[in-house]
Amino acid sequence: MILIDTHVLLWTLFNGDNVSSNAKDKMTSGDKVCVSVASLWEIAIKQSIGKLDTGHSISELERMCNEAKIAILPIEAKHLDYINELPLIHNDPFDRLIMAQAVTEKMILISKDEKIAKYQVVNVVW
């Protein structure tokens with residue numbers, strides 16, 4: 001299974017040219033592709049403070065994910081518990097949760113984030 005980071009979701013939905021060919025290949029390999037509900041939450045917050053304008057509501061983005069065969073991964077207690085196991089290399093709470101989900105669910109995480117790539121426990125592809 002594959003988990004895509006927030007920026008990968010946005011690029012996949014709106015600007016596929018920003019996604020690396022390696023990441024695209026992995027996402028089209030037949031494995032189930034998911035995005036964390038935390039990514040939708042992050043987008044909602046950024047939209048509300050004027051840092052991001054997708055031109056779409058979160059409900060519309062959810063529909064677009066469904067159409068693109070990207071499943072929404074819910075947040076579970078085990079994901080939150082694992083956050084405490086991660087070293088403080090990356091301070092972004094959304095990225096820490098997404099990494100915890102990838103590790104606990106044994107998923108490949110697709111992300112361009114160089115800080116995430118520093119975590120040896122996370123299987124990151126870009």
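Tutor: Helices (H or I, at least four residues) and strands (E, at least two) are DSSP runs, numbered from the N terminus. By that rule the protein chain has seven helices and five strands. This is a predicted model: local features need pLDDT of at least 70, side-chain atom pairs count only at pLDDT 80 or more, and totals for chains, interfaces and linings use all residues. Residues are numbered from 1 along each chain as its sequence is written, and side-chain values use heavy atoms, without hydrogens and water.

Student: What is the order of the elements from the N terminus on?

Tutor: The protein chain runs β-α-α-β-α-α-β-α-α-β-α-β.

Student: How do you know whether the radius of gyration agrees with a compact globule?

Tutor: The radius is taken over C-alpha atoms, and the globule rule is 2.2 Å times the number of residues to the power 0.38. For 126 residues, a compact globule would have a value near 14 Å; the protein chain has 14 Å, so the two agree. Its C-alpha atoms fill a box of roughly 35 × 35 × 25 Å along the principal axes.

Student: What makes a residue buried or exposed?

Tutor: Buried means under 20% relative accessible area, exposed over 50%, and partly exposed in between (1.4 Å probe, protein chains only). Of the 126 residues of the protein chain, 40% count as buried.

Student: Why is S39 called buried?

Tutor: S39 has 0% relative accessibility. The limit is under 20%, so S39 counts as buried. S39 lies in helix α3. Contact means heavy atoms within 4.5 Å. Leaving aside neighbours within four places in sequence, S39 is in contact with I4, D5, T6 and I98.

Student: Why is the pair of W11 and W126 called tilted?

Tutor: Rings of Phe, Tyr and Trp (its six-membered ring) pair if their centres lie within 6.5 Å; planes under 30 degrees apart count as stacked, over 60 as edge-to-face and the rest as tilted. The structure holds two aromatic pairs. W11 and W126 stand 5.9 Å centre to centre, with 55° between the planes, and form a tilted pair. The pair links distant parts of the chain: W11 is in helix α1 (residues 6-14) and W126 in the segment after β5 (124-125), 115 residues apart.

Student: Why do W11 and W126 count as partly exposed?

Tutor: W11 has 22% relative accessibility, so W11 counts as partly exposed. W126 has a relative accessible area of 26%, so W126 is partly exposed too.

Student: What makes the pair of W41 and F94 edge-to-face?

Tutor: Their planes are 90° apart, and the centres are 5.3 Å apart. Edge-to-face needs over 60 degrees. W41 lies in helix α3 (residues 37-48) and F94 in helix α6 (residues 93-104), so the pair ties together parts that are 53 residues apart in sequence. W41 is partly exposed, at 47%. F94 has 14% relative accessibility, so F94 counts as buried.

Student: Why is K112 called partly exposed?

Tutor: K112 has 48% relative accessibility, so K112 counts as partly exposed. K112 lies in the loop between β4 (108-110) and α7 (114-117).

Student: Which residues does K112 contact, leaving aside neighbours within four places in sequence?

Tutor: K112 is in contact with H7, W11 and W126. The C-alpha atoms of K112 and A23 are separated by 9.3 Å, though the two are 89 residues apart along the chain.
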